[in-house]
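Subject: Structure for you to look at

Hello,

I am handing over a structure that may be new to you. Please open it first, then read my notes below.

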Amino acid sequence: MNKNLKEQVLRSSGVNVLKCMRCGKCSGTCPSYDEMEYHPHQFVYMVERGDIETLMNSKSIYKCLTCFACVDRCPRNVEPAKVVEAVRLAAVRQQGNNHMNPNQIPDMLDDDMPQQAIVTAFRKYIK
Amino acid sequence: MQVNENKEFQPLIVAFCCNWCSYAGADLSGTNRLNYPSNVKIIRVPCSCRVNPMFILRAFQKGADGVILCGCHPGDCHYTSGNYFTRRRMTLLFSMLDFLGIERDRTRVEWVSAAEGAKFAATMNEFTEAVKKLGPNRRLEDLRCRKQ
Amino acid sequence: MQEAMINRAKQLLADGTVNRVIGWKRGEFAYDITPAVFQSAEELDADFVFDDFTSANVSKYLVKESKKEGKILAFLKPCDTYSFNQLTKEHRVVRENVYIIGIPGGPKLDAEKIKAKGITGILGVKNENYTLKIDTIYGEETMPFYEAVLDKCASCKSKKHVVFDELIGEDGDVLESNRFEMVEKLENMTAQERYDFWRDQFSKCIRCNACRNVCPACTCEKCVFDNPNSGVENKAPADSFEENMFHIIRAFHVAGRCTDCGECSRVCPQNIPLHLLNRKFIKDINSLYGEYQAGEDTTSRAPLNDYKQDDCEASIVHERGVE
Amino acid sequence: MLKISIDKLDALFEAISAEQTLYIPADREDGAAEYKKYKSGMKLSNALNTVRSAKDFFFPQTENLVDFKMEGKNIEVIDIRKESEDFVIFGVRACDARSFTILDKVFLCEPVDSYYKTRREHGTVVTMACTRPAETCFCGTFGIDAAAPEGDAACYSDGESIFFEAHNEKGQKFIDSISSLLEDGDTSKLDETREKTRAILKKLPLANLSTDAFGGDKLMEHFNSDKWGELSESCLGCGTCTFVCPTCQCYDIKDFNTGHGIKRFRCWDSCMYSDFTKMAHGNPRLTQLERFRQRFMHKLVYFPSNNNGEFGCVGCGRCLSKCPISMNIVKVMKALEVK
Amino acid sequence: MQRIGVFVCHCGTNIAATVDVKSVAEALGHEPGVVISQDYQYMCSESGQNLVKNAIKEHNLTGVVVCSCSPRMHENTFRKAAASAGLNPYLVEIANIREQCSWIHKDIASATEKAIILGKAAVAKVHLNAPLTAGESPVAKRALVIGGGIAGIQTALDIAEAGFEVDIVEKNPTIGGKMAQIDKTFPTLDCAACILTPKMVEASQNEKITIHSFSEVTDVKGFVGNFTVTIKKKARFVDETKCTGCGLCTEKCPMKKVPNEFNMGLDNRTAIYIPFAQAVPKVATIDPNHCMMLQKGKCGICSSVCSVGAIDYKQEDRFIEQKYGAIVVATGFNPINLDKYDEFAYNQCPDVVTSLELERLMNAAGPNGGTLLRPSDKTHPHKIVFVQCVGSRCDDSKGKPYCSKICCMYTAKHAMLIREKYPDTEVYVFYIDVRTPGKNFDEFYRRAVEQYNVHYIKGMVGKVTPRSDGKIDVQASDLLANEQLHIDADMVVLAAAIEPDKTARPLATMLTTQMDTNDFFTEAHPKLRPVESATAGIFLSGACQGPKDIPETVAQASAAAAKAIGLLVKNSITCNPCVAHSDELMCNGCSSCEKVCPYGAITYEDKEFRMPDRTTAIRRVASVNPAVCQGCGACTVACPSGAMDLNGFSNSQIMAEVDAICK
């Protein structure tokens with residue numbers, strides 16, 4: 001288990017996961033629930049346990065729509081969406097040098113691809 | 001026989017204890033025969049909130065090297081809220097003393113319940129040691145009161 | 001401004017709204033202005049002054065004045081209104097007996113600062129485009145206006161009038177001031193440095209009580225330092241301890257009540273920065289118990305007469321800052 | 001006249017302080033001047049005057065008089081007076097120099113205050129003539145010539161050198177002790193400087209302030225004046241004027257319990273304080289008006305009445321610049337002289 | 001001149017083994033003011049006490065210092081001994097040389113030295129002790145109960161039973177409170193009305209009990225044993241003494257569209273109304289906001305049909321003033337407003353109801369006569385979802401931080417009742433935790449699961465969406481199955497958090513009692529004095545102190561009654577003489593002391609003073625009520641001028657101790 005990762009996620013999300021009372025309202029309200037391997041309440045709990053890598057390796061981090069329904073409805077102001085975002089960010093950061101290089105892109109580039117998608121691609125995809 | 005010239009510095013500690021918790025806690029540490037230095041002299045007050053900053057300064061003026069104030073744990077005050085006022089007053093007073101460059105370890109607030117005889121003794125041991133390390137009170141003393 | 005104030009005061013005297021006016025009376029030189037009560041239009045015309053040197057906070061005088069027969073007109077600068085409000089809150093002034101006209105605040109000037117420049121024999125001071133033209137026995141001298149501004153005005157906290165019946169000029173806002181800068185600087189020194197700093201300052205103290213007697217928060221019927229039964233009464237610091245004692249206890253007694261009007265430092269004949277003690281308490285209160293400005297209102301609980309169950313412990317003093 | 005070049009002042013101070021304790025006015029960090037015990041490297045202040053007056057040397061703010069020791073139920077009285085050492089106060093202005101004359105009248109008349117007397121005997125007052133009087137100066141009102149100060153010895157500066165003149169035996173002894181550093185000098189430039197100073201003194205804003213309306217015989221004219229109410233209204237009742245005043249000489253005597261004995265000490269008191277002269281029966285002056293009146297009546301009427309017309313003020317102007325609300329003896333005199 | 005006697009106890013060897021008691025007595029004998037200094041084997045024994053008594057008489061002592069065990073042990077013993085010898089008991093001081101000296105130190109020299117110092121401190125203090133006399137204040141033999149719910153009724157009945165007059169002040173037209181609205185009670189499932197209404201009748205018939213219904217407390221003055229309370233009897237436009245409660249007026253009233261608060265607005269009542277059939281007092285009340293006569297001056301039907309002429313359209317609010325010895329607060333609770341919980345669609349869909357509304361829907365006297373029907377279309381619901389913790393256990397910004405305590409049990413009750421009566425109905429309960437501590441409580445909940453097949457699902461409902469087909473989509477996650485559920489429910493029942501009644505806070509101000517941040521009254525001690533407020537003479541009953549179910553409420557109500565009775569049986573209260581007092585000449589009237597007094601013992605009055613400057617001035621000065629002050633001393637430090645001081649622990653006494661110790 002990576003303790004630094006947990007620290008990083010807690011710091012970048014600004015969330016106090018210990019406030020969670022495990023009611024599951026976040027998951028109950030989540031529109032992407034069925035798409036996700038790990039659900040919002042699990043994110044909070046797994047971050048509390050420090051099991052960040054599992055989350056980072058799960059597609060769930062890209063399934064969160066950041067609709068903030070969980071943030072709005074959490075009775076304890078835990079803000080699960082911020083935790084998801086923070087894990088996502090941790091994953092993005094870890095890709096480090098493994099990012100695609102700009103010069104690799106033209107080969108794959110579709111003319112109609114919006115610019116934003118290209119930028120996102122830099123972040124998301126590894127070689 | 002050799003006379004030890006460098007007698008160890010013995011600080012004078014004044015402890016204000018509230019009647020309901022800390023004074024009883026001090027009694028308990030006596031009942032349990034838990035030792036703490038005889039440097040500590042206790043003054044009984046009804047509640048920690050009775051302790052006026054003037055008393056604390058007065059103790060330093062007259063030769064105390066450390067002053068500790070003990071009261072009920074927050075929420076347990078016999079008078080419901082006395083120690084909450086104490087906490088604010090003493091926080092500000094100690095902060096001011098610190099601001100004036102007086103050593104921080106000469107003053108302290110500690111919550112000791114009537115059941116915490118061991119904590120009382122431990123606190124007094126610790127505090128006496130801390131003050132001993134600081135040496136005699138020179139920054140907040142009245143020279144006229146210094147013992148020759 | 002001065003003229004507008006005199007005219008309005010005359011009107012209020014004439015229509016019977018008030019029977020006297022508290023303001024400032026001109027002196028022998030440019031700067032030696034004395035707070036005074038004016039009873040008539042003639043007196044106002046003759047002596048009433050409002051200029052760059054009318055820095056004295058007149059709110060404390062209202063403790064006595066507001067208990068006299070009839071209503072008094074008081075001209076209050078923004079900082080003075082905070083003092084007045086605090087006095088109202090503590091039932092020390094009778095609000096109904098005071099008609100308050102809010103007037104613009106400083107920056108006001110400090111004659112000591114002009115003199116500190118080596119300018120002596122001051123006969124007159126004029127502000128021309130923020131350059132002071134000073135007429136002296138030894139010829140005319142000039143200096144930048146801002147170099148002669150009172151310390152308390154240089155770190156002004158608010159241009160807002162928190163209480164008034166009417167305003168002359170416009171009301172301002174609470175300012176982002178740098179007033180805690182020096183406190184912070186001291187906090188970041190070592191304990192030894194802080195001790196040396198204050199010892200140096202307090203050793204100048206002559207216990208003239210000017211700081212206490214000018215302070216609008218110090219309105220006790222009898223100060224503990226004057227009361228032989230209090231156990232701490234003393235008239236002169238016979239030892240460095242007594243210098244400390246007086247200033248610690250005085251600051252403590254006004255903690256949570258001091259509006260930071262800065263009069264204590266202004267009047268200290270020995271230039272001891274006494275306001276730093278008050279600001280230290282204000283800064284601590286703000287950071288530990290939430291922002292609080294004494295005198296801002298007349299109903300809130302003073303921080304030392306209040307508590308929260310989850311207040312920090314006194315040990316926080318051991319845990320922060322420089323030792 | 002004997003003189004020393006200004007750039008050799010350091011050597012002079014070193015020489016004096018080698019023999020006895022020397023006090024000179026020196027600048028503080030905040031720009032104000034105060035008398036300090038001379039240490040090598042210290043510079044003589046250019047300020048016109050110190051914040052605290054020079055009276056502290058003979059009449060300090062607090063002073064232990066006697067100790068008592070208690071053993072159980074016995075009390076022992078301990079005389080703590082020690083043999084005093086000689087000292088020199090250098091650079092005293094004309095006003096402060098005159099204040100010693102006034103204090104002498106109080107402390108050296110019977111019964112003589114031995115504490116004061118001892119210090120007076122051991123102290124040599126070396127005065128310095130003024131060259132740049134301020135707007136607050138009005139020593140002339142009391143017949144003081146700022147260009148020719150009193151004191152045991154006097155100094156005059158012409159901008160380049162300082163000239164010495166002895167006024168009495170003690171002053172002569174002082175000059176003799178430093179004579180090796182002095183040389184004879186031409187006083188023509190000095191005379192010029194003095195004349196210039198005197199011309200400035202005449203032009204001062206308070207130069208025309210007169211004592212005609214005051215004096216020992218004017219009690220009834222002023223005591224019940226209705227001006228007092230108005231004048232005292234703004235008075236805060238602090239003691240600033242009293243404590244910076246070179247002639248105020250009131251004190252209180254108190255006991256302090258050190259825990260292992262009693263120290264009986266005296267400290268300055270101020271007639272502006274509400275419990276000044278509080279006695280068993282109470283307080284004779286109950287209002288600030290009465291206390292305020294006391295201070296000025298004492299200086300302008302009672303003191304001259306008891307001291308052959310000599311006023312209890314020297315016009316140093318300290319109270320003018322230090323009063324928190326700028327109420328002072330000049331304003332009082334001007335208000336009272338108007339009939 | 002003081003004549004102080006010092007008595008040093010050996011306590012067998014307890015003290016004498018480590019403290020050289022002889023030299024302590026010897027040393028203290030030399031202290032100023034000490035005329036006799038003795039040591040003795042057991043000072044607390046009868047002969048030891050006689051030693052003290054004889055010395056007092058023989059040496060005409062003005063103060064006594066006993067160097068012995070802790071004052072917590074024998075201070076009273078020696079005070080009594082002194083009193084019996086004619087010395088004021090408060091002129092005795094104890095130096096604790098056992099618990100705080102001989103028992104903790106081993107070295108004889110240092111222990112003896114310390115004992116001497118502690119003795120000197122006590123001598124220094126006793127020099128400044130003043131004789132104190134405990135004051136007495138009379139007790140008015142009447143209690144006031146504020147709130148006429150089950151808590152107030154029970155307290156009133158118990159106090160009346162003990163023979164004291166009790167007044168109940170109830171703001172509604174009838175007593176009964178929330179319990180009157182409840183259908184069945186857990187864990188026994190007996191009918192609430194069946195157990196409550198007899199108590200209501202008993203209260204109304206008890207000669208010692210006066211019920212002020214439709215009334216409010218508007219002012220409280222005084223202190224323990226001696227409160228003066230102003231009660232506003234709101235105009236009900238019906239003469240209570242004449243009205244027989246026949247109900248004819250309510251039948252004839254043409255204004256029939258007023259939402260019925262007793263039925264939670266689920267049906268309507270008339271403008272003149274009797275809240276429910278068993279109301280006490282059973283008198284009609286006119287709702288002036290809806291009465292056409294009072295609004296427009298036209299109608300008057302009720303007046304014409306009333307055979308006893310009880311209707312009085314001109315009635316005004318009346319104020320009565322009464323003296324009480326004790327006050328019991330029983331202001332109860334309310335469910336919170338659910339406006340901010342949009343996700344549960346409470347305001348959008350009539351079929352989403354609160355639990356209290358469900359009580360009414362299921363009650364035989366409710367809008368549907370006891371048949372559970374959906375409010376929207378009056379059909380039977382076949383799938384009902386219960387949502388727990390709505391607004392409870394929340395972050396401060398989202399709701400109440402506390403657990404409302406009663407919801408788990410009443411939800412189990414509801415679920416069970418529904419399954420019992422309508423076995424074709426499926427019941428789901430979405431819970432976070434099921435909290436059922438209490439006698440027979442968990443068994444009750446297990447019955448709901450095991451016997452009645454109620455579906456308990458762990459997980460909070462995330463979203464409730466009313467659908468166009470009349471069903472309600474309930475979206476939630478089943479945390480144990482780790483899946484998201486959608487339930488097409490017919491009804492949703494929300495277990496809304498409960499909060500103290502809105503009238504509690506202004507009342508607390510009047511009573512100078514303390515409240516926590518949630519507006520629950522604070523008890524004097526959370527463990528040891530749970531039914532008393534910190535203000536003497538004010539007691540707490542029921543949910544005004546914290547969420548409670550009925551058994552707990554009734555228990556606390558009786559406990560509060562017992563405490564009140566304990567006060568009322570006394571003819572007078574002996575006051576602790578170690579109380580604060582204000583030096584009026586020093587007092588600034590700044591109110592600092594009042595702000596820190598936990599007991600409301602300090603009041604201010606404008607008094608005329610001869611001032612030092614010979615003028616006469618009216619000054620605002622503090623005065624401490626010695627019957628209320630408990631002597632904590634908080635005020636003494638809050639007072640900047642030092643006008644406040646504390647008897648027995650005065651500034652000068654404590655400073656003398658400090659001085660003696662630091663010598």
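Between chain B and chain E, 15 residue pairs are in polar contact, with both residues at pLDDT 80 or more. Keep in mind that this is a predicted model.

On chain B, five elements are listed as giving two or more residues to the side that touches chain E: β1 (13-18), α1 (22-31), β2 (40-45), α2 (53-62) and α3 (82-99). The largest share comes from α1(B), with seven residues. By type, that side of chain B divides into 24 nonpolar, twelve polar and ten charged residues.

Now the contact as a whole. Chain B puts in 46 residues, and chain E puts in 47 residues. The area buried between the two chains is about 3900 Å². Carbon and sulfur atoms give 58% of that area.

Next, the charged pairs. How many salt bridges are there between chain B and chain E? The count is four. Arg44(B) and Glu75(E) form a salt bridge through their side chains, at 2.8 Å from N to O. Start there if you want a specific pair to look at.

Last, the confidence scores. The model has an ipTM of 0.84 and a pTM of 0.78. For chain E, the mean pLDDT is 94. In that chain, 100% of the residues reach 70 or more.

Best wishes

Technical notes
Residues are numbered from 1 along each chain as its sequence is written. Chains are lettered from A and ligands numbered from 1 in the order in which they are written. Side-chain values use heavy atoms; hydrogens and water are left out. pLDDT is the predictor's confidence in each residue, from 0 to 100. Contact means heavy atoms within 4.5 Å. Buried area is the accessible area (1.4 Å probe) that two parts lose on being put together, summed over both. A polar contact is a pair of N or O atoms within 3.5 Å; within protein, one must be able to donate a hydrogen and the other to accept it, and residues adjacent in sequence count only if both atoms are side-chain atoms. Helices (H or I, at least four residues) and strands (E, at least two) are DSSP runs, numbered from the N terminus. Ala, Val, Leu, Ile, Met, Phe, Trp, Tyr, Cys and Pro count as nonpolar, Asp, Glu, Lys and Arg as charged, and the others, Gly among them, as polar.
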